[in-house]
Amino acid sequence: MLGRLRTLTISMAIAALLPLTAATARAEAAAVSEPRAASPGAAAQAAPAAPQAAPAASERVVKDDVLLQVGKGGVTHARETIVYEFAGKNELRRSFVTRIHDSVTKDRVFKVENVKATSPDGGPANVSTSSSGTTTNVKVSGGQGTGRHTIVLEYDVRGAVAQIGGGEELRWTAIGGWKVPVDDAQATVGGGTPIRSINCFSGALDSSLGCSQFYFSDHAHTQALFKQGRLLPDEYMTVIVGYPAGATGGKAIYERRHTAATAFSVNGVTGTALLALLILLLGGVGVLYMLRGRDARVVAQKAAEGDQAPVTGTEFEPPDGVRPGQIGTLIDEQADVIDVTATIVDLAVRGYLLIEEDDREVTGKLDWELQRLQRPVSDLLPYEQLLLDALFTAPDGSPRAAVKLSELGGTFSAQLARVRAAMYADVVQQGWFARRPDTVRSRWTIAGFVLTGIGVAATIALALFTDLALIGLAVIVAGAALAYGGQYMPAKTARGATVLAHTIGFRAFLERGEIPADGQAGPQQRIALFSRFLPYAVVFDLVPMWAKTVEDAGVREKGADNLYWYEGPAEWDLSKFAESMRTFTLATSGSISQSRGL
């Protein structure tokens, strides 16, 4: 009983205290919510802080809303409403991708035309367009350049619709190409034509990332809506709409792209040029055949006549009375140094000069002395007379009776050029060539080089600006062929070809290295005949073999230690002649041509 009373008393006490506690709490809350009274000084010290300035708005496209109407022929009219946040510049720029590489030689082209702009709130409205590479750039300027303005941009696009499979497809970068971010992008495609399929990609130009939303906006499927929440600078929203075949009649526009492949492509013009080059080359081959073929025919006809030993008893008669230097010029149509060397040996054999070999043990070097002999020069050809005078004329112009072969080195090149020119003139005078071979060769070669240079310049220019670079290459080939063929253009006359035929036969005789037996010819006469053939062996590059023949003839003749035109040092005899003559011809060619490339 007593315990129950105690419990009841405690409960009544707690109940009496609860209202008091709640009232106290409300009073404290009210005291906190109401401002306290403050002194004027304290109010002054606790003055409220000034509000912070709002950050400047960044330049961007707040909203870009495009309405595309696909019309007849696939021409797409665009009305683009742009809400643009300007930040001090009274212009905006947008780039349209209007050229896409379709293949190595072909581009798909989109033509943006009839561009105009308006602004209902005083924003920029002056339009200018320019093209750069694969883009068409639109610039809208003028008006107010601060704050938010609305610009309505209208334009037509041709080439956006293409024939794909069994239908048509509109593919267009409806939004993008901005250098600023786009907060909200939306495109609507309509035109009243039933739509079979739609798709949309956002991001980079070749992105496969789908847009935020795209769907048909009517039950008849004649209008589609495409949305993208945000685009970064230089990103695009590409819309793709499929139509039934013949719905718009639109076709893609393709243009040939100028590349290295197209610059050197074969077309009607370049094909004609290559055909002309082929005809020119065949014509050149025909001309060479007529000229060279005639030589070959005459040589074949006269070879048997030339292949006769031109010796009658003790007398020597070269083929048709031709001198060694003339033969060398006739064979290869060039007056070479070896032809001049053969002429020096021939002048010695014929008694106009004496070749004396120095004693190497005495002088310490290998050298020869050429001594002029007193003999009438009336039977010398002009180039022979010029050579003989040049050998025995000192650098100061005074005559000299003898000259060391080593002294000619470095001082004879100018005279050598004159001798060679006289040799060319001689073969023309003989009637073997219609014109000087060196002049004909130089004329054709220079013309070929000039034509090749023109072809190189033309190829570069045509490759940079046209698709006709093959014409330049054809000119280069023609020039190179002309320069090369020019080496074969000096043509012999019929008379020259006949002499050449006898010369070839005479060379075959020399290659056999023997003289027909003649019982009346004594050893000295046989050596003289061998010597007489030696200058021709120099021209035909048969010196080692033919000099050995002379050497053998001298060995067989007892006491033959010298030739009438060649004298060796003490203890020298004809057994050493082959080596001496081989060395002499090499040394002579080197000395007279020193410091001059031939």
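Asp 346 and Arg 350 form a salt bridge, with their closest N and O atoms 2.7 Å apart. Both Asp 346 and Arg 350 are buried. This pair belongs to a predicted model. The count of salt bridges comes to 26. The chain has 598 residues, and buried residues make up 42% of them.

**Salt bridges**

- Asp 358 forms a salt bridge with Lys 404, and the closest N and O atoms are 2.7 Å apart.
- Asp 358 sits in the loop between β20 and α7 (360-363), while Lys 404 sits in strand β22, so this pair ties together parts that are 46 residues apart in sequence.
- Asp 358 has a relative accessibility of 12%, so Asp 358 counts as buried.
- Lys 404 has a relative accessible area of 23%, so Lys 404 is partly exposed.
- One network, joined by salt bridges that share partners, holds Arg 99, Asp 107, Lys 111, Glu 255 and Arg 257.
- Within that topic, look at Asp 107 and Arg 99: their side chains meet in a salt bridge of 3.2 Å, N to O.
- Is Asp 107 buried or exposed? Asp 107 is buried, because its relative accessible area is 1%.
- Arg 99 is at 23% relative accessibility, so Arg 99 counts as partly exposed.

**Asp 156 in strand β9**

- Asp 156 lies in strand β9, which covers residues 146-158.
- Asp 156 is buried, because its relative accessible area is 16% and buried means under 20%.
- Which side chain does the side chain of Asp 156 join in a polar contact of 2.8 Å? The partner is Asn 114.
- Leaving out residues up to four places away in sequence, Asp 156 touches Val 75, Thr 76, His 77, Lys 111, Val 112, Glu 113 and Asn 114.
- Asp 156 and Arg 79 are 77 residues apart in sequence, but their C-alpha atoms are 9.0 Å apart in space.

**Glu 91 in strand β3**

- Glu 91 lies in strand β3, residues 91-97.
- Glu 91 counts as buried, because its relative accessibility is 14%.
- The side chain of Glu 91 has a polar contact of 3.2 Å with the side chain of Arg 93.
- A polar contact of 3.5 Å joins the side chains of Glu 91 and Lys 139.
- Setting aside neighbours within four places in sequence, Glu 91 is in contact with Glu 59, Phe 86, Pro 124, Lys 139, Val 140 and Ser 141.

**The buried side of helix α8**

- Helix α8 spans residues 382-391, and its buried residues are Tyr 383, Glu 384, Leu 387, Leu 388, Ala 390 and Leu 391.
- Why are these residues on the same side of α8? They cover an arc of only 165 degrees around the axis, which puts them on the same side.
- What do the buried residues of α8 pack against? They pack against the helices α5 (324-332), α6 (337-349) and α9 (413-429), and against the strands β20 (353-357), β21 (368-372) and β22 (402-404).

**A nonpolar surface patch**

- Leu 275, Leu 278, Ile 279 and Leu 282 make a nonpolar surface patch of about 410 Å².
- Leu 282 lies in helix α4, residues 268-306.
- Is Leu 282 buried or exposed? Leu 282 is exposed, because its relative accessible area is 56% and the cut-off for exposed is over 50%.

**Tyr 488 in a loop**

- Tyr 488 lies in the loop between α11 (469-485) and α12 (494-512).
- Tyr 488 has 38% relative accessibility, so Tyr 488 counts as partly exposed.
- How many residues apart in sequence are Tyr 488 and Asp 332? They are 156 residues apart in sequence, and 9.7 Å apart in space, C-alpha to C-alpha.

**The whole chain**

- The secondary structure comes to 15 helices and 23 strands.
- Take the contacts between residues at least 6 apart in sequence: 73% of them join residues at least 24 apart.
- The accessible surface of the chain comes to about 30500 Å².
- Carbon and sulfur atoms account for 58% of that surface.

How values were computed:
Residues numbered from 1 in each chain as written. Predicted model: local features only at pLDDT ≥ 70, side-chain atom pairs only at ≥ 80, totals over all residues. Heavy atoms only, no water. Patch = residues over 30% accessible without salt bridge, like charges linked within 9 Å, V, L, I, M, F, W, Y side chains within 5 Å. Areas by Shrake-Rupley, 256 points an atom, 1.4 Å probe, with all protein chains shown as cover. Salt bridge = Lys/Arg side-chain N within 4 Å of Asp/Glu carboxyl O. Helix = DSSP H or I, 4+ residues; strand = E, 2+ residues; numbered from the N terminus. Buried < 20%, exposed > 50% of the residue type's maximum accessible area, 1.4 Å probe, protein only. Polar contact = N/O pair within 3.5 Å; in protein donor to acceptor, adjacent residues only side chain to side chain. Contact = heavy atoms within 4.5 Å. Arc of directions from axis to C-beta.
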